[in-house]
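The structure is shown first, and the links are then taken in turn.

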Amino acid sequence: MRSRRWFRVAAGGVAGLLAGVGLAIPAGPASAANPIITSIYTADPAPLVVGNTMYIYAGRDEAPVGDNNFRMREWHVLSSTDANTWTHHGARASIATFGWAGADAWASEVEPRNGRYYWYTSVNGRGAGWMDIGVAVADSPLGPFTDAKGGPLISDSTPNSSGLNIDPTVFVDDDGQAYIYWGGYWGARAARLKSNMIELDGPVVTPTGLSNFWEAPWMFKRNGLYYMMYAANDTNGCVTSSSYACQRYATATNPMGPWTHRGIVLGQVSSTTNHAGVVEFNGQWYMVYHTANAPGGGNFRRSVAVDRLYFNADGTMQRVVQTSTGPGPGPGPDPGGPPAGTNLATSATASTSYVSTWESLAALNNGGVPANSADKSNLAYGNWPEQGTQWVEYTWPSARTVNRVATYWFDDDQGIDLPASCQVQYWTGSAYANVPGQSGCGVAGNAYNVTTFNSVSTTRLRLNITARSGFSTGLLEWLAYQP
């Protein structure tokens, strides 16, 4: 797949003075399930993709049992090449990184630019006011990081700053313009950054349209659309008590807004704070967030989790399903072959909106087992040069009960690319409808993407496939399973 972009996360916390003494934690393997690390408590995760590696930057919770304060003095880094097993690299920055800081190693995020890595942090300065935003820099994702500015980038003295200057998220657009967003206490703020990444480039503005914003903005771009995700604490479908938070999101066609609220993408978690971010990694989207689920955990002893995220064909995000198992191995050849179960596709008749004359619709249900998304040894279905949304369909002579499908995408590294999104539908007897309870239609390459849904009885099953801009789509296998 081509044109992969980097996406990052920002998160933070909102109360308490930080103190306590941190212990040195050696680097080493972390968990292959949620939470992804349990040797220490971690919070406010910020993912970054560099090449074939996903990094997560997180603050370390150090509050002992019974201490109801955010006690944080350092930031740690974890990495993975499959989004499933993680290596803990230990603390890579701390309060001591900033000579002007007093305490409070809160939410942070790393943004690459011109071969360097800029680590934006929420930190309590020694000057007037409370929280500031500082910047450290390094030549590697793992550092060493040093103070890039010698003082705050944003503080209470910054005109039109937030009531609580925390939770920075930084985004560099396709034209090279960088933006920073931050804020807590319902005070979202945004500004442009100069190309040196350590100075504001113009006034601080107050974004509009971020309904029920509380804290933790996170900005990314997908298919030309800008997304702003943030923590909200309203009880209007968000949380059961305003002491907790969910993650709402909004979209815009301009990085400075105005924003249009779209809904909730992550519900209430087990900790009162809820900080999350989105990253695309090897063709699959992930949400990184924190909970209180580690042994001995709590609101001030949080832990980082990772789960898969799915988009609908219209660009809206499906609500993330929180798991204890984690996302499982990321996209890659599946040595186990197709998922187990009774595959009903072999008895179906396949049809499509369009198939290229040199490709074959028979590839969908001929029982081939691809080695990877470029493997055409058992034929391939493709719809080049058509773009937009195309469909494939199975028809049976009598009703079949189906509750999951497995999709293996074709990617020829030319005109056919992994899709932007997909949607499974069934024939009700008079019209097509989306299958109920769909878990998400995965678009990862080199893997069987399993989509589950509530059982339906139907004579026709359809897969709508929406292409990435400028590309067509294809399939090597499409399997349909009975319960």
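Is the link of Cys238 and Cys246 left-handed or right-handed? With -115° about the S-S bond, this link is left-handed.

The model is predicted, so local features are reported at pLDDT of at least 70 and side-chain atom pairs at pLDDT 80 or more, while totals for chains, interfaces and linings use all residues. Residues are numbered from 1 along each chain as its sequence is written, and side-chain values use heavy atoms, with hydrogens and water left out.

A disulfide is here a pair of cysteine sulfur atoms within 2.5 Å.

| Disulfide | S to S distance |
|---|---|
| Cys238 and Cys246 | 2.1 Å |
| Cys422 and Cys441 | 1.9 Å |

The link of Cys422 and Cys441 is left-handed, with -110° about the S-S bond. Cys422 lies in strand β24 (residues 421-427) and Cys441 in the loop between β25 (432-434) and β26 (449-466), so the pair ties together parts that are 19 residues apart in sequence. Strands are DSSP runs (E, at least two residues), numbered from the N terminus.

Burial was assigned from relative accessible area: buried means under 20%, with a 1.4 Å probe and protein chains only. Cys238 and Cys246 are both buried. Cys422 is buried, at a relative accessible area of 1%, and Cys441 is buried at 3%.

Conventions:
Buried means under 20% relative accessible area, exposed over 50%, partly exposed in between (1.4 Å probe, protein chains only). Helices (H or I, at least four residues) and strands (E, at least two) are DSSP runs, numbered from the N terminus.
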